[in-house]
Amino acid sequence: MGKSSKDKRDAYYRLAKEQGWRARSAFKLLQLDEEFNLFEGVTRVVDLCAAPGSWSQVLSRILIQGQRVGRAAWEDKRYQELLRLRQADLTGDSSAPETDERPEVRPRKDVKIVAIDLQPMSPLEGITCLKADITHPSTIPLLLKALDPDYNSTSSPTEASHPVDLVLSDGAPDVTGLHDLDIYVQSQLLWAALNLALCVLKPGGTFVAKIFRGKDVDLLYAQLKIVFEDVTVAKPRSSRASSVEAFIVCTNFRPPKGFKASLDNPLGAGRKLQTDTGDVKPQRTEYSRKLREDGITELDLGSDLEEEEGEDIRWIAPFLACGDLSAFDADASHKLPEGHVSLDPIQPPTAPPYRRALEERKKMGGAYGKTKLGGLPGG
Ligand SMILES: C[S@@+](CC[C@H](N)C(=O)[O-])C[C@H]1O[C@@H](n2cnc3c(N)ncnc32)[C@H](O)[C@@H]1O
């Protein structure tokens with residue numbers, strides 16, 4: 001598939017190049033922000049599984065450069081629409097031009113952003129990039145040290161201060177196409193991200209992570225609901241409807257009394273949260289229906305799905321599609337604007353897993369898609 005046909009088939013791929021994002025994933029975070037206002041009052045962020053770095057770019061543009069993208073851009077757009085309507089009421093001209101009035105760009109003070117990935121990431125000003133495996137226990141001291149140079153690596157992670165406002169994880173393994181295996185590997189990344197988040201989040205903090213909605217995802221929701229006040233499954237418009245991908249948005253971190261994050265005994269599927277005083281289970285609640293301020297009805301199934309005392313407890317998190325309704329549909333093909341010129345991606349992968357295969361193929365005299373069979377062993 002050529003570049004321009006990909007531009008047509010994936011509007012977000014084209015827009016990412018036009019707006020200077022390293023990956024189309026940037027739009028997923030921006031659309032999550034439109035709905036959840038993720039960055040209000042935030043100065044310390046950990047971006048897990050961050051390469052090639054489009055989420056880190058979003059963080060940099062909003063927190064370090066003070067640009068109005070995401071929620072702020074959406075608010076500006078609504079403000080302009082209101083102005084236009086008011087002007088039309090006064091003048092009868094509904095095509096009144098937009099005003100240039102823009103709120104001031106205001107970078108934040110004392111911003112700290114740490115990005116981690118298995119792959120090397122091209123540097124971004126003001127962001128500390130670590131090349132590490134988030135599933136490995138040695139990563140947590142690295143992260144704590146990056147956040148706080150005074151952190152003493154001999155003390156346990158739980159003795160470190162809890163300085164982070166927001167932990168993001170867009171982790172995805174190389175997909176094999178074997179659905180159950182992909183979902184399992186993805187869930188392991190998610191548990192690793194959650195265990196890291198539990199060690200560094202401050203009370204009231206937010207955790208956002210990619211999930212693949214598999215069979216037992218409700219067990220995960222139930223566990224998250226113990227440590228976060230609100231847990232929502234969100235699907236940005238830029239995430240293809242045909243994919244099982246979604247994002248879990250957990251706000252207001254409030255660990256149970258006595259809870260200690262532990263990487264020696266990390267949290268995972270089938271293991272319960274523990275406090276000094278024993279296991280913690282979700283509180284039994286009545287079925288309840290709550291109409292939220294934004295008009296969404298939230299159905300709380302509580303723990304009624306628990307079959308017997310001691311069995312795993314399931315809980316269904318509310319589901320929310322997010323992103324402005326006028327945003328592009330990620331599954332549709334779009335007509336390209338007149339005179340469209342296809343651009344190169346902003347940041348080619350630094351160490352793609354297929355690099356070695358390409359090198360080997362070149363050595364054997366093969367071209368892209370045209371391997372000389374004679375060059376292959378036994379060919
Ligand atoms: C979808 S990409 C992330 C895109 C990124 N959010 C952005 O906006 O550019 C998924 C990333 O997860 C990383 N990853 C997968 N397993 C990992 C692990 N165990 N530790 C750290 N990173 C991992 C991959 O290297 C890959 O870069």
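Visitor: Which residue just after H4 takes a positive phi, and what is its value?
Guide: In this predicted model, the backbone just after helix H4 has a residue with positive phi, and that residue is a glycine, Gly 66. The phi of Gly 66 is about 70°.

Visitor: How many of the 11 residues of helix H4 are buried?
Guide: Helix H4 spans residues 54-64 and is largely enclosed by the rest of the structure. Among its buried residues are Trp 55, Val 58, Leu 59, Arg 61 and Ile 62. Because buried means under 20% relative accessible area, each residue in the tally falls below that limit, and the number buried in H4 is 10.

Visitor: Over which ring does the charged end of Arg 61 sit?
Guide: Arg 61 is one of the buried residues of H4. Its charged end is placed 3.7 Å from the centre of an aromatic ring, and that ring belongs to Trp 21.

Visitor: Where is the cis peptide bond that involves Pro 52?
Guide: Pro 52 belongs to the loop between strand E1 (44-48) and H4. The omega of the bond is about 0°, and the residues joined by it are Ala 51 and Pro 52.

Visitor: Is Cys 49, which has a positive phi although it is not a glycine, buried or exposed?
Guide: Cys 49 lies in the loop between E1 and H4, and its phi is about 55°. Its relative accessible area is 16%, and because the limit for a buried residue is under 20%, Cys 49 is buried.

Visitor: What is the relative accessibility of Asn 37, in the loop between H3 and E1?
Guide: Asn 37 is not a glycine, yet it has a positive phi of about 50°. The residue counts as partly exposed, with a relative accessibility of 26%.

Visitor: How many residues apart are Tyr 12 and Phe 328, which link distant parts of the chain?
Guide: The count of aromatic pairs comes to five, and Tyr 12 with Phe 328 forms an edge-to-face pair, at 6.3 Å centre to centre and 90° between the planes. Tyr 12 is buried at 2% relative accessible area, whereas Phe 328 is partly exposed at 29%. Tyr 12 comes from helix H2 and Phe 328 from the loop between strand E12 (319-322) and helix H9 (355-363), and their separation in residues is 316.

Visitor: Which residue forms one aromatic cluster with Tyr 12 and Phe 328?
Guide: Tyr 12 and Phe 328 form an aromatic pair, and the cluster they belong to also takes in Phe 27.

Visitor: What is the angle between the planes of Phe 207 and Phe 228?
Guide: Phe 207 lies in strand E5 and Phe 228 in strand E6, so the pair ties together parts that are 21 residues apart in sequence. Both residues are buried. The rings are 6.2 Å apart centre to centre and count as stacked, with an angle between the planes of 15°.

Visitor: Which helix gives the largest share of the lining of the second largest pocket?
Guide: The second largest pocket holds about 600 Å³ of space, and the closest of its 24 lining residues to the centre are Gln 19, Glu 34, Ala 73, Trp 74 and Lys 77. Helices H2, H3 and H5 each give two or more residues to the lining, which draws at least three residues from each of domain 1 and domain 2. The largest share, seven residues, comes from H5.

Conventions: Residues are numbered from 1 along each chain as its sequence is written. This is a predicted model: local features need pLDDT of at least 70, side-chain atom pairs count only at pLDDT 80 or more; totals for chains, interfaces and linings use all residues. Side-chain values use heavy atoms; hydrogens and water are left out. On a 1 Å grid over the protein atoms alone, a cavity is a set of points where a 1.4 Å probe fits but cannot get out, and a pocket is an open set with protein on both sides within 12 Å along at least five of seven lines; lining residues have an atom within 4 Å of a point. Grid points are joined across faces, edges and corners, and a volume is the space filled by probe spheres set on the points. Helices (H or I, at least four residues) and strands (E, at least two) are DSSP runs, numbered from the N terminus. Domain bounds come from an automatic or database domain assignment. Rings of Phe, Tyr and Trp (its six-membered ring) pair if their centres lie within 6.5 Å; planes under 30 degrees apart count as stacked, over 60 as edge-to-face and the rest as tilted. Buried means under 20% relative accessible area, exposed over 50%, partly exposed in between (1.4 Å probe, protein chains only). A charge sits over a ring if NZ of Lys or CZ of Arg is within 6 Å of the ring centre and within 35 degrees of the ring normal.
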